[in-house]
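Reader: Hey, can you walk me through this model? I'd like to see it before we start.

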Amino acid sequence: MNCELLATCSALGYLEGDTYHKEPDCLESVKDLIRYLKHEDETRDVRQQLGAAQILQSDLLPILTQHRRDKPLFDAVIRLMVNLTQPALLCFGSVPKEPSFRHHFLQVLAYLQAYKEAFASEKAFGVLSETLYELLQLGWEERQEEDNLLIERILLLVRNILHVPADLDQEKRIDDDASVHDRLLWAVHLSGLDDLLLFLASSPAEQQWSLHVLEVISLMFRDQHPEQLAGVGQGRLAQERSTDVAELAVLRQREMAEKRTRALQRGNRHSRFGGSYIVQGLKSIGERDLIFHKGLHNLQNYSSDLGKQPRRVPKRRQAARELSVQRRSALNVRLFLKDFCSEFLENCYNRLMGSVKDHLLREKAQQHDETYYMWALAFFMAFNRAASFRPGLVSETLSVRTFHFIEQNLTNYYEMMLTDRKEAASWARRMHLALKAYQELLATVNEMDVSPDEAVRESSRILKNNIFYVMEYRELFLALFRKFDERYQPRSFLCDLVETTHLFLKMLERFCRSRGNLMVQNKRKKRKKKKKVPDQSVASGMVPCSPGELEAVWPSLAEQLQCCAQDPKLSLDSMVPFDAASEVPVEEQRAEAMVQIQDCLLAGQAPQALGLLRSAREVWPEEDVFGSQDISPEEEIQLLKQILWAQLPRQQGLEEQGVEEEEEEEEEDEEELQVVQVSEKEFNFLDYLKRCGPRGLSFANSTVVRAYVLLLRSYQQNSAHTNHCVVKMLHRLAHDLKMEALLFQLSLFCLFNRLLNDPAAGAYKELVTFAKYILGKFFALAAVNQKAFVELLFWKNTAVVREMTEGYGSLDGGSSSRRPPVWSPEEEAQLQELYLAHKDVEGQDVVDTILAHLKTAPRTRKQVIHHLVRLGLADSVKDFQRKGTQIVLWTEDQELELQRLFEEFQDSDDVLGNIMRNITAKRSRARIVDKLLALGLVAERRELYKKRRKKLAPSDLPHEEESLNNFCQEDLEEEENLPEEESEEDEERWRSSEAEQAQGTSSLSAQNLGQSLHLEGFSAPLLWLQNCLIRAADDREEVGCSQAIPLVPLTEENEEAMENEQFQQLLRKLGVRPPASGQETFWRIPAKLSPTQLRRVAASLRQPEEEEMLQPGLESKVPGEQGPEEEHQQEHRAQALRALLLARKKKAGLVSPEEEGTDDGKEQLKVASRKRQLLDSDEEQEEDEDRSPAPELGAPGIKKKKRFQIEDEDESD
């Protein structure tokens, strides 16, 4: 022992006879011991040393009993004793697995058992009882914080002492003998502490101690059985006497059978001369018959396993052991406990349970304190039911809310046991407590059915109606059977589960018989998929297929589409053609979206079709499959017409889908999102037994039968009621559901053989009768079906049972409507021909092509793939993965083609675009770029960027559309400094614009858009947009960096323009980015546009006819955006615009040379006298000076390639 610790213990005092003399430093020594315990190590060395020194027995208990008036010392001793008696599980966290720590754990547990035996005296509990009584006499206004702490410590000390488990190997007590725990309870009774516990439980002013009191009471009744406790003092009941007589009869029969066996084994000769025998038909290790060297009377017990070393079962696979042991205490203790239970039910149960439930719901309790609540519910309701059934005494816990609370906790424990594997045993014990509480609730409700009071029977009927209505209560037991694991759940749990299921089914069956028709809740989990109009339309047979029918349908659809296209309120929120969480590739979902649009049109749902088209355009903007972003309403209608007439590949129908789901049931488990649909249906009891659980599982299932057979193996240890519950359930399956073959299993037949050969088989008449019934059914079937003997080796499901009884292949004939049709030789030949013709074609899915050209019965993709594998045309199903999910390798011919196309177009402005348009095997832009880099045809990616075209004419002003084309085809080197998302978005927009031009789709040019907007009265918003672009260009020149700039309309006129579809189309033409959905509000000038490009775009907005531009009305001011204009500025602007128009006419060849020279001369003279801003960079100027020819007439001194004139007054703001 540590020297300091020894000195501290010596300074406490000494015991002389029965008197304890404390030292002067006794209080400080006690505090030092508390401090030592606070700093002990993980092996709990201080605790072990104090236990070995027996400090509690020799010092602390005498101080407690003889010096209780010394309040500071008494409080300190109580604190120290609470710490010393702390449960070993709390000290170590759990039972240690390491041998050294496990030794320390067992040592601490041994000291705790010694403490418990020392406390089993009336003196110690008498002091605690008197102190607690004095503290409870104080009112709440007189009670100090120290008093409340002392009350709590006394209750904790009593809890710790009662919590110490008994050492059964050391005590070796039999029933009706007083164990240490019984002596402790008797001391509690003699001290009057039990009355104080009842007061704390019943007093409304002491609700704060509710959980402490409930915990102490649960530990007091830990080893007791409520039904046995209720019958104490009433003499032996007739039922108990009959049970004892039956047990004695069984033992007597077995004893007599053993005597007869021993008598038959006595031979006339000595055992050494018993002889040897050859057993014909039983092979030994070799090919010869077995030689038996013992007497014939031992032949029945022969087994090939005799003498073999039994296989050792790993710890992780061993069955769970029983932790709770029930025993009968001494009679006086049981009488005291019975009286305590009666008083508790009379005065305390309802109030205490309500208070504890409130603490649990408000989360005022500690973790897992609900287990004490469930134990108290099960114990005291069982005691009330067995003693004198009075439902009013337990009315607090007799409600639907209590059923829901227990079911919720039971389900939670069940789920945690499956997920938290390290603590699975602890969760299984909690689940057992919840199951016992649920069982007692059902038993109480069942007892209420036979009550003479009409009000009680009516309450029972209401409770059963609510319980049987809810689907979760009906499926609970099936879920527990499905996940029963004997490694974590002991046999007692399985026994309680079987008995509770039997009680529930009996109550449910009786309730159904008493009611004509019972309506119950039905919840159906449906996979969350998009609403498919095609399925409905195809199933109903209303789809017009011929061109004539389509021609008749289209006029009405066109009228609806024209009305919907002009409606700006058409919502796209409910139209979602794309599932981001789906495992289906994006390309396949795009095809499904196209089919949805077509089916909406076929069903006459024009608004839905238009909404789906626009939503799909947002999801798949690439390649303009669903139209470009700036598509006009007329073009949308034409596109929908093309979709209506298109021959689209369709998915399988509903029936084939159901077959496919059956085939792939294991592959589509809980990964998908599910939607619960609640409905009502009429209840049928036999249907409930057949299919009542999730995924169609039922009690007629091998998992459930296996659990029942496992419990039936221990029929000799089971009670008669447990065996009856097992046989009743198996009889329901075999007789009521006509599924005797479900029990045709070899392990069960071995059990039947052991039962029939049991000498005490007469005591199990019900089991014997059922075993003979099942065996008779089997041999009757075996006479017809010889394969039944092989089927004995396997557990079976309902499908196999049906095939065994009705003949193999009966399932195919019985459900032919749901199974796919058989492939004929002609269909197989067509399939082979299509596969060989299309298997080497790049850029298409061979299975989709086969489905499109297959002119036979409708087939699914999976059926085609499986039959190709079956025919030997493919090695595996994995060979037919979607093209969008795998990388297609380049063949040698494709590489040569790519090299040839690169050499052909390497001098063009758009090398990559030309290659993509002309290559045979279509691939993505990224794949082509990677392959060009791998072949060494280009050194870096920027060599493949589009090149900007240069104009050679120095004085020609650019045409509007050419200017925009140059703007769209600029060098993409500036994109390298942008964020990836913005670059990709812009690249998709330019790619969409290119595809639109290549396909020749008609779109309004920016010039026509500007003119139409001027005519519609949008002159002021156009000028505001022009000024915004110019200011953005100036800011980017000054700062040197750029970022996206929002276009914020500050006037009502500009806001209306920004909402106009034609104005938005112009913005897209100019490169202005629309707001990102859900994140931005305003349109933005992209960061990639340089100042030069911005000025060019701004200048392109001034392209109306000269006569309209010269009108003074078009020079109107925009409030807050345009400064005061003066006369000479208006004149300069008119002359500049006149020169601009002349340049356009000259380029188109509409102006004579004389007019051209005159106007150009005037224009150049005016330009020379004004301030102008040149929009080309210095590098472009130098390049143009080298390349430009001699200036044309009227312009001798101008060397610029392009120039635009910007008014100074626009920059005044």
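Author: What follows is a quick chat about the helices, a few residues and some loops.

Reader: Ground rules before anything else: what am I looking at?

Author: This is a predicted model, where local features need pLDDT of at least 70 and side-chain atom pairs count only at pLDDT 80 or more, while totals for chains, interfaces and linings use all residues. Residues are numbered from 1 along each chain as its sequence is written, and side-chain values use heavy atoms, with hydrogens and water left out.

Reader: What about contacts between residues 24 or more positions apart?

Author: They account for 73% of the contacts with a separation of 6 or more. Contact here means heavy atoms within 4.5 Å.

Reader: Let's zoom in. Which residues of helix 3 are buried?

Author: In helix 3 (residues 45-52), those are V46, R47, Q48, L50 and G51. They pack against helix 1 (3-10), helix 2 (26-38), helix 4, helix 5 (71-84), helix 6 (88-92) and helix 7. Just after helix 3 comes Q54, with a positive phi of about 55°.

Reader: Tell me about R47 in helix 3. What is its relative accessible area?

Author: R47 has a relative accessible area of 5%, so this residue is buried. Leaving aside neighbours within four places in sequence, R47 is in contact with L37, E40, N83, L84, Q86, C91, V108 and Y115.

Reader: Switching to helix pairs. How do helix 4 and helix 7 cross?

Author: The axes of helix 4 (residues 55-66) and helix 7 (residues 99-119) come within 10 Å and cross at roughly 40°. Axes are lines fitted to C-alpha atoms, for helices over the stretch in contact, and angles run from 0 to 180 degrees between N-to-C directions. Helix 4 and helix 7 are therefore oblique to each other. For the labels, under 35 degrees counts as roughly parallel, over 145 as roughly antiparallel, 65 to 115 as roughly perpendicular and the rest as oblique.

Reader: Who makes that contact?

Author: L56, Q57 and L61 of helix 4, with A114, Y115, A118 and F119 of helix 7. By class, the residues of this contact are 6 nonpolar, 1 polar and no charged. Ala, Val, Leu, Ile, Met, Phe, Trp, Tyr, Cys and Pro count as nonpolar, Asp, Glu, Lys and Arg as charged, and the others, Gly among them, as polar.

Reader: Now helix 38 and helix 40: at what angle do they cross?

Author: Helix 38 (residues 825-838) and helix 40 (residues 861-870) have axes that come within 11 Å and cross at roughly 90°. That makes helix 38 roughly perpendicular to helix 40. E828, L831 and Y835 of helix 38 make the contact with V864, H867 and L868 of helix 40. Those residues split into 4 nonpolar, 1 polar and 1 charged.

Reader: And where does A428 sit?

Author: A428 is in helix 20 (residues 424-448), and at 2% relative accessibility A428 counts as buried. Not counting residues up to four places away in sequence, A428 touches M417, Y488 and Q489. Y414 is 14 residues from A428 in sequence and 7.5 Å away in space, C-alpha to C-alpha.

Reader: Last topic, phi angles. What is the phi of H368?

Author: H368 has a positive phi of about 70° although it is not a glycine. H368 lies in the loop between helix 17 (349-361) and helix 18 (370-386).

Reader: And K738, buried or exposed?

Author: K738 is exposed, with a relative accessible area of 57%. K738 lies in the loop between helix 32 (720-736) and helix 33 (746-756). K738 is not a glycine either, yet has a positive phi of about 60°.

Technical notes. Helix = DSSP H or I, 4+ residues; strand = E, 2+ residues; numbered from the N terminus. Buried < 20%, exposed > 50% of the residue type's maximum accessible area, 1.4 Å probe, protein only.
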